[in-house]
Protein chains: 4
Amino acid sequence: MLYGGVNKPQHRFGQSVFDCTSEQCVSDHKRTMKHRCTLKHDIFKEFLAEFLGTFVLVLFGCGSVAQTVLSRNTMGEPLTIHLGFTTGLMMGVYIAGGVSGGHLNPAVSLAMVILGKLKIWKFPIYVIAQLLGAFAGAAGVFGLYYDAFMEFTSGILSVTGINATGHIFASYPGRHLTILGGFVDQVIGTGVLVLCILAITDKRNIGAPKGVEPLAIGLIILGISISMGMNCGYPLNPARDLGPRLFTAMAGWGMEVFSTADHWWWIPVFGPLIGGITGAVVYFLLIELHHSDPSEKAQQKPEEEEDEEEDDDSSLRDKYEMITMG
Amino acid sequence: MLYGGVNKPQHRFGQSVFDCTSEQCVSDHKRTMKHRCTLKHDIFKEFLAEFLGTFVLVLFGCGSVAQTVLSRNTMGEPLTIHLGFTTGLMMGVYIAGGVSGGHLNPAVSLAMVILGKLKIWKFPIYVIAQLLGAFAGAAGVFGLYYDAFMEFTSGILSVTGINATGHIFASYPGRHLTILGGFVDQVIGTGVLVLCILAITDKRNIGAPKGVEPLAIGLIILGISISMGMNCGYPLNPARDLGPRLFTAMAGWGMEVFSTADHWWWIPVFGPLIGGITGAVVYFLLIELHHSDPSEKAQQKPEEEEDEEEDDDSSLRDKYEMITMG
Amino acid sequence: MLYGGVNKPQHRFGQSVFDCTSEQCVSDHKRTMKHRCTLKHDIFKEFLAEFLGTFVLVLFGCGSVAQTVLSRNTMGEPLTIHLGFTTGLMMGVYIAGGVSGGHLNPAVSLAMVILGKLKIWKFPIYVIAQLLGAFAGAAGVFGLYYDAFMEFTSGILSVTGINATGHIFASYPGRHLTILGGFVDQVIGTGVLVLCILAITDKRNIGAPKGVEPLAIGLIILGISISMGMNCGYPLNPARDLGPRLFTAMAGWGMEVFSTADHWWWIPVFGPLIGGITGAVVYFLLIELHHSDPSEKAQQKPEEEEDEEEDDDSSLRDKYEMITMG
Amino acid sequence: MLYGGVNKPQHRFGQSVFDCTSEQCVSDHKRTMKHRCTLKHDIFKEFLAEFLGTFVLVLFGCGSVAQTVLSRNTMGEPLTIHLGFTTGLMMGVYIAGGVSGGHLNPAVSLAMVILGKLKIWKFPIYVIAQLLGAFAGAAGVFGLYYDAFMEFTSGILSVTGINATGHIFASYPGRHLTILGGFVDQVIGTGVLVLCILAITDKRNIGAPKGVEPLAIGLIILGISISMGMNCGYPLNPARDLGPRLFTAMAGWGMEVFSTADHWWWIPVFGPLIGGITGAVVYFLLIELHHSDPSEKAQQKPEEEEDEEEDDDSSLRDKYEMITMG
């Protein structure tokens, strides 16, 4: 998670091993017991947070596309769509960040698994929460703009043609794009997204202050949407793309949403996963690997007050648990 | 209030009960006395802060609509209007945040009452301050652009037609919108607004740092305006909508402002109130309820220095008094 | 100044009177001596900071107008001009904030004098620095775009007509505007500007964190430009308007820059001064006056560690020296 | 570097000389040894960070130009290009800031050498890393949009004409611009860039908080692009301009990229270097030189706790090592 804080007694346990006073130890023991009991509760609350965060992300993001398309560009433009996904991610991370890490994206969760920051058994649960959240977000947009959809489409929901509305919810490739080009696009785009998220949340790098990360992370989307959005509209997120696509399949657009454009749908699902891994590996190899070993540092100042110790330690831990749910 | 700080001796009292030294107790006692005396003063200064904050919100927000409409879109566009309400809310919260919590919106105040963060007897006083502030803000916009209004309208202030100016001050529904659609729109929009405000100010979640909340809260408006603004222009706030509507009724637009569009006016008054409650309940049930109990935590580290204690405590208190006036 | 920090030994002196230990006192004494010696140096460095900050403000601000006008709107639009002044003010405050308070505006300096946050004898020196900085900034814009000016105007620098370029540097009123309307516009606009600056830098309100104030202050300009810019383009600042106007008078536009529009030039000089005072008085009466008296607070916790004391004290002092040069 | 933190044991050594306890000294000694061993490692990791940061800067920046040009302005506009470079710099600094200082620009590195904040022997290594990063970024943009390039150009990559694409990667002057005008443009633009970077990272000025600097630094680019972008499109950075230009020369655009516009290419290489020096000298002479001498301050409070001492010291050191790689 973006910041462990109150919610992670288990890490505090590991930490206090170093400087154990008797009262401390007893309370730590209690904490460990507590920890085992609350594990189940932890994954449940993380599920809820990822669900709600992804819901808001899609409500803002797809909502801004809907406003632009349904108003025939009179109340929106490409830039407002970019800002819709930007603010959607900001708010989604504010909602889920302190509980589940605010991944809101299976590609990010997978990258965290690869880096050892998310336990692998939690990965499918995160993905389900994200998919359901995105599905619900798409339903929210449809409900919000039901009247406008009916007026715009005269009731005929379609993926192609002049009154197409399918692209409000899920990505479709530009005409110029090849399958390979689309896949490369998603790998590069998601790779950069994960790379920047890791930099922003890396307390051993310059790192955004606690509580400012959501704003900085949102700005990544602004940058990517503006520079890498022309091929297929920067899905970058299997849940954000597949969830709403499933919704449209069920809500009246039909199976065309999967078959269109040579079964394009799988590219924004698997491309981002590969991209997320790539971004994580690149950041690890080029930056994170070369940070000075913090264990040395801990060793070097055994005389300093506990207060400071804790800071060091938490910055070390941050590295491993940052944007994870631990 | 967004952060208790200097202005809330009463909470500090409750807190210092835990570690009472004799001098401390005496001074606490004095503080309690003081507290009783200043209660009346508190609600007065909260009234002034809500008034001034809402004034600035409406001055910026409705001002940006006026600039766009009166210049016939040459000096404004939808995005500048969105940014007008965004910066208006940011500045309004900077003005009122440290005194009254910076609600600036009866729907937010009601949500705070529901969550126990605002005493119910203060609610009507807040609402009156917000209404008066919004009314004054509308008057300010009219005064600022009096010359331009006269030129644009040739002196005929109307709600419909090509030279309509009523929508500068209050919301009117798009042609496609049904009554139900409008109500749902206001419930969803205000629900998301309150949800995100609660996330941003929740110190047990990732939470924006003190003094950065106004910026993050403003960005919610940017997101909503871009993604949920097409139906009726995101009023989301009974005071922001009803106050200026009352002003227009009195300043020359006439009772048409209430009767137009099947008496639309009550939807942006009652929709947001329901929406605010909904958002508060959703955030509470899905996120806040599952935060680890901070009382446990306080129990777990009785040996740590007072300094830290205070931090914990204030983060706990933040939860209850955040965006409230204590 | 926005934050006293290293540069204000004199205030630290006053503060340490309360808890005087012998070594402390001696060093304080030395500091006081030092203080007297450096007073002259202080006003000199404040002069330089205000000069450089205002130079950057005008370079960015007028530069963005120049880019928009000279490219005949192909490389700029109203929004980019707004963002030019916004980022200009942000950067100007980063440059001058820690030294002179980053007023960059005689109206702000005057408001600080009224509030007792700037010594009156420093006021004219600040104003001269600001005027010179704005003049130099205008010269910078002219130098930067000299080739473009020559192409655009064919060498004929004029204030009116299709190839007018005078409004790149200084404000001229819209056709609809009366003298009274213009004056009211400048009073309201500058009043809101000062009001929001005071809120953002008031550490007893919610207040932006140290180092974030310049970003928040810049956003005030974004809001005002979008909502109150239609009458005459938000000069809001006697130096920013008069300095570049003087430059144009001398650089080839002639005395027409003063005579045009019924000698409009004096309104953006005197309007903002009245507006600044108004904003300061409103903020003081409605918000600042009602903050709990911090001297009480200091009295209430005499037992707490010096560390905390200092914090309280500095927040108190912040109130008085904030955005001033001490 | 933007903030020394964990990665700079050598500076911590100098600092702890002042208050040496025996254990401390021993560990410092170890640290010094360590330091000598890791010097080689340091420059290697700084190389990687500058490479990756500049890669992201160019990927976002040139990517946003590509999106605008290749979509024939339907999916981009001048403002999105400005925001592309803005967010690109923000993210590049987040990636490299904590390791190498996040210069991402030979002009910034040279300014740091002049100010004694970067050792001169590191300068060429930084420049090579930046050039390679920019070259790789251009290749990334070409790969990402390969399909779109082929469609747009029908396979003919050219620098001039209606389907020109060379200006996606490197700057070319506007028709109105003279050689002298172009050189002055680059000197002023880069001078202001370096001036503002120095202000934002100067902890003895108001200074952005740790981790917020990248956002503030990015906004400089937004301001410059909007106000000084009309002459030749604000390259401001020899690596950002020459690297992609080299890529285009090799990838099919041919040597025309160097010969066009009277061999324009050398101006955005040498202009920024002169500009960077100018900006550094101006900031030093007008602002930094006049900060109170911090050594005095250290002297003045020998009785205060080590904790505070460290703060002072680091703020002093920040001055010298800020945005450097130490």
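Predicted model: local features only at pLDDT ≥ 70, side-chain atom pairs only at ≥ 80, totals over all residues.
Trainee: What makes chain D and chain C count as being in contact?

Mentor: Contact means heavy atoms within 4.5 Å, and 51 residues from chain D and 55 residues from chain C take part. The area buried between these chains is about 4,400 Å², with 67% of it from carbon and sulfur atoms. On the chain D side, Ile206(D), Ile226(D) and Met230(D) lose the most area to chain C, together 18% of what that side buries.

Trainee: What area is buried between chain B and chain A?

Mentor: About 4,500 Å², of which carbon and sulfur atoms give 67%. The contact involves 51 residues of chain B and 55 residues of chain A.

Trainee: Why are H4(D) and H11(D) called oblique to each other?

Mentor: Helix H4 (residues 106–114) of chain D packs against helix H11 (residues 267–286) of chain D at about 40 degrees, with the axes 8 Å apart. Angles under 35 degrees count as roughly parallel, and roughly perpendicular starts at 65. The pair is therefore oblique, and the crossing is right-handed.

Trainee: Which residues of H4(D) make the contact, and what classes does the contact hold?

Mentor: H4(D) supplies Pro106(D), Ala107(D), Leu110(D), Ala111(D) and Ile114(D). Among those from H11(D) are Leu273(D) and Gly276(D). By class, the contact has nine nonpolar, one polar and no charged residues.

Definitions and conventions: Residues numbered from 1 in each chain as written. Chains lettered and ligands numbered in written order. Heavy atoms only, no water. Axes fitted to C-alpha atoms, helices over the stretch in contact; angles between N-to-C directions. Helix = DSSP H or I, 4+ residues; strand = E, 2+ residues; numbered from the N terminus. Parallel < 35°, antiparallel > 145°, perpendicular 65-115°, else oblique. Left-handed = near helix turned anticlockwise from the far one by under 90°. Nonpolar A, V, L, I, M, F, W, Y, C, P; charged D, E, K, R; others polar. Buried area = accessible area lost by both parts, 1.4 Å probe.
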